[in-house]
Amino acid sequence: MQRQNVPYFSVGLTGGIGCGKSTVADLFAARGASIVDTDQIAHSLTAPNGAAMPALVAQFGPDYADAHGALDRTKMRKLVFSDAKAKARLEAILHPRIRQATLAAAAEATGSYVIFAVPLLVESGGWVERVNRVLVIDCLESLQVSRVMARNGLSEEQVKAIMATQATRAMRLAAADDVIDNHGDLAALAPQIAQLHDLYLAFSKRMAGIGLQRL
C-alpha cells in the first residue's frame, strides 16, 4: 500500500488498553526514535486553552468544560459510550486537528525514524495506509484487565467495557507487520526492542535509496 509522500521511515505503534504501548514507546525513544503520541496531542488539544476547546464547547455546551476550561473527560466519556452520534461529532472535531498536529510534529522530528503511537490505529481506518510498518504490542486480554484495574483503579466491568469499544486482539494482530509480546516483565521487552530497532534502522537507510513505499 502506498503512503503519504513524507521524507522519513515511520512505524504505527498500537495495542489495546493495558498492553504497554507507552513503555514500549519510551524504550524505542531511548534508542533514538522520534515518538509522536496521538494521545498526548489529544490531551493538549483539550487542555485549558487547547485549540479544540472552542469548537467542543460550541458543539456540546459549556457543561463539557471543567472549572479550568479543559474538557471534562469523565462527562464526555459517559456521553460517547452511550451515544454513537455524539462520538461521531467528537471525532469530527478532534481527528482532523490530531492529524494535522501529528504530521507537524513528525516533520520536525530529528530521530532515526518516526513512531506514531496511536491507540486506535486499527479502528481509525486510515493510519495503516499512512505508515510503513504497523507494530502491535500484544498481551492476553486477562492481563490487560488486571493491569488497567491496578493502574487506573477501575472495576473489571469498566475495563471490559473500554476493551469492547476497541479492536479485538485478533484484529490488531491481523493488521500487524511486527508484534512485540508483552506478557512478561521489562527485561523480556529489551531484546525484542533491540531487534526491531535494528530492522527499522535498516529500513530507514534503505528508504533513502529506493524511495517511499510500504516495507
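Guide: Start with the axes: they are lines fitted to C-alpha atoms, for helices over the stretch in contact, and angles run from 0 to 180 degrees between N-to-C directions. Helices (H or I, at least four residues) are DSSP runs, numbered from the N terminus. This is a predicted model, where local features need pLDDT of at least 70 and side-chain atom pairs count only at pLDDT 80 or more, while totals for chains, interfaces and linings use all residues. Residues are numbered from 1 along each chain as its sequence is written, and side-chain values use heavy atoms, leaving out hydrogens and water.

Visitor: At what angle do helix H8 and helix H9 pack?

Guide: Two packed helices are described by the angle between their axes and the distance between the axes. Here H8 (residues 141-152) and H9 (residues 156-164) pack at about 125 degrees, axes 9 Å apart. That makes H8 oblique to H9 (under 35 degrees is roughly parallel, over 145 roughly antiparallel, 65 to 115 roughly perpendicular, the rest oblique).

Visitor: Which residues in H8 meet H9?

Guide: Glu141, Gln144, Val145, Val148 and Met149 do, touching Glu156, Val159, Lys160 and Met163 in H9; contact means heavy atoms within 4.5 Å.

Visitor: And how do H2 and H5 pack?

Guide: Their angle is about 120 degrees, with axes 10 Å apart, so H2 is oblique to H5. In H2, Thr38, Ile41, Ala42 and Leu45 meet H5 residues including Leu94 and Arg97.

Technical notes
Helix = DSSP H or I, 4+ residues; strand = E, 2+ residues; numbered from the N terminus.
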